[in-house]
Amino acid sequence: MWSCKKCETLNEEGNSVCMLCGALRMTPEPTAKQAQTEPQPGANYRYAQPAGKSAPRTGSEEKPRNAGGFKILAVVLFAFLAVAVGVIVFLISRAPAPTGELAQATQQDTAQTPDDAGKDGKPIVEDNLSAPPTQTVCGDVTLTVESHCQYLANIIPTNDSIDMPDGPVPESIYEANNFLFIVTDCVIINFLEPLMGDQPLAGATVQLTNLDTGDIREVISDADGVCAQIDDVVPGEYVYSIRLEGYETYTSNPFTVRSASSESEATMPMFAALIAEGRIYSDNFTIQLTDLDGKPISNRTFGSIMIYTCQQSGQQLLTISGVFIGDYVDDQGVIASSSNFDQQSLNSLLKDSMVLIVFEELTERDENGTPEQYIIIRAE
């Protein structure tokens, strides 16, 4: 029996309509719809849920899912890029070294790059070369020039001779009452006299002879190369000579002595250098200055241009002793001296030595006394 929902009349099970009011029989929802279901392909489910508890996602739920997808994609792309970069670096680092002729050429190029190497292959004090080094052969010595300033130096070999026995310059006049001789080995020969070296010579005999009276004053150098001072030298014409076993004897040109005009100028230091027997020196040369483009600089005054004997100690260049070589360049750009009859500075260097050319009025010196701008000449 079933009860009509409209009139509550009981009807037989076989009747599908109410026998009183004619209303259709109402049946309950089939139980199959309450069974557990599985998500279908393409359905908007995070995971399978019992039927009736899982609902399709709305548009608002789709946005977080899309954002998460973009983040995952970005992480994957970043990881892929990092791996690619790592592979490239690895391949480059494993590039094979050159072999055969290519390897030899590479080694030669490296060996011929002296910009940052000192005499013993060590880096020199600074790497501020104005231009690549240049080399000039002067007899049995090769001169390498390294410019560390705004000028370049050209070595110009010359046949002009430096006659050692003829120094100092003829007609020299000294205003002094006393003479103090200092004797070293000879590294630089300049103008008509040997100049300072970097090693003092002990036991050298110095004789100062008065040509007017024949009087001879003799002194001997100590371990520092310094002689006892010769006092009370009377005005007149003089000559001096220096001799030491194993060295060539040096005899100066005649020179004039006048009384000093003040006590502060009474003592005259006399630097003298001896040439060791068998030593090798370069042929004579002059020094031409050019700008960084190679154009000669002519008729320009520089004040005091000095040349210093020099030694390298680690990263430092140590100037030992120096002499004046000129104060201007002539119309050819060659260093010359107005105080020595406007003659060009004629030079010769000892093999295996090093000197610095310094423009004293154009540069400062650091706390070690090394000039900030200079030109190196290496004799090898």
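Predicted model: local features only at pLDDT ≥ 70, side-chain atom pairs only at ≥ 80, totals over all residues.
Before anything else, a note to myself: I call a residue buried when its relative accessible area is under 20%.

**Entry 1: the salt bridge**

I looked for salt bridges and found 1 in the structure. R378 pairs with E146, and their closest N and O atoms are 3.0 Å apart. R378 sits in strand β23 (residues 374–379) and E146 in strand β4 (residues 141–148), so the pair ties together parts that lie 232 residues apart in sequence. I then checked how much cover the two partners have, and both R378 and E146 are buried.

**Entry 2**

Next I wanted to know in which order the strands of the open sheet run. There are 8 strands, in the order β3-β4-β23-β22-β17-β18-β19-β20, and the pairing is antiparallel. The edges belong to β3 (134–138) and β20 (343–344); each has a single partner strand, so one side of each has no neighbour in the sheet.

Strand β18 (residues 316–329) and strand β19 (residues 335–337) are antiparallel partners over 2 bridges. Opposite V329 I found I335 of β19.

**Entry 3: S221**

I moved on to the loop between β11 (216–220) and β12 (236–243), where S221 is found. Is S221 buried or exposed? Its relative accessibility is 5%, so S221 counts as buried.

What does its side chain meet? A polar atom of the S221 side chain lies 2.7 Å from the backbone oxygen of L201. The backbone nitrogen of A204 is 2.9 Å from a polar atom of that side chain. Leaving out neighbours within four places in sequence, I listed the contacts of S221 as V183, L201, A202, G203, A204, V226 and C227.

**Entry 4: Q229**

Q229 also has its place in the loop between β11 and β12. With 35% relative accessibility, Q229 counts as partly exposed. The side chains of Q229 and D231 are joined by a polar contact of 2.6 Å.

I then looked further along the chain. F179 is 50 residues away from Q229, yet their C-alpha atoms are separated by 5.9 Å. F179 is also among the residues that Q229 touches, together with N178, L180 and T267, once residues up to four places away in sequence are set aside.

**Entry 5: cysteines**

How many disulfides are there? The count comes to 0. C186 has a relative accessible area of 1%, which makes it buried. C310 is buried as well, at 5%.

**Entry 6: the whole protein**

The secondary structure comes to 2 helices and 23 strands. Of the 380 residues in the protein, 38% are buried. Among contacts with a separation of 6 or more, 61% are between residues 24 or more positions apart. The protein exposes about 22200 Å², and carbon and sulfur atoms supply 53% of that area.

Definitions and conventions:
Residues numbered from 1 in each chain as written. Heavy atoms only, no water. Pairing = 2+ DSSP bridges. Helix = DSSP H or I, 4+ residues; strand = E, 2+ residues; numbered from the N terminus. Buried < 20%, exposed > 50% of the residue type's maximum accessible area, 1.4 Å probe, protein only. Polar contact = N/O pair within 3.5 Å; in protein donor to acceptor, adjacent residues only side chain to side chain. Contact = heavy atoms within 4.5 Å. Areas by Shrake-Rupley, 256 points an atom, 1.4 Å probe, with all protein chains shown as cover. Salt bridge = Lys/Arg side-chain N within 4 Å of Asp/Glu carboxyl O. Disulfide = S-S within 2.5 Å.
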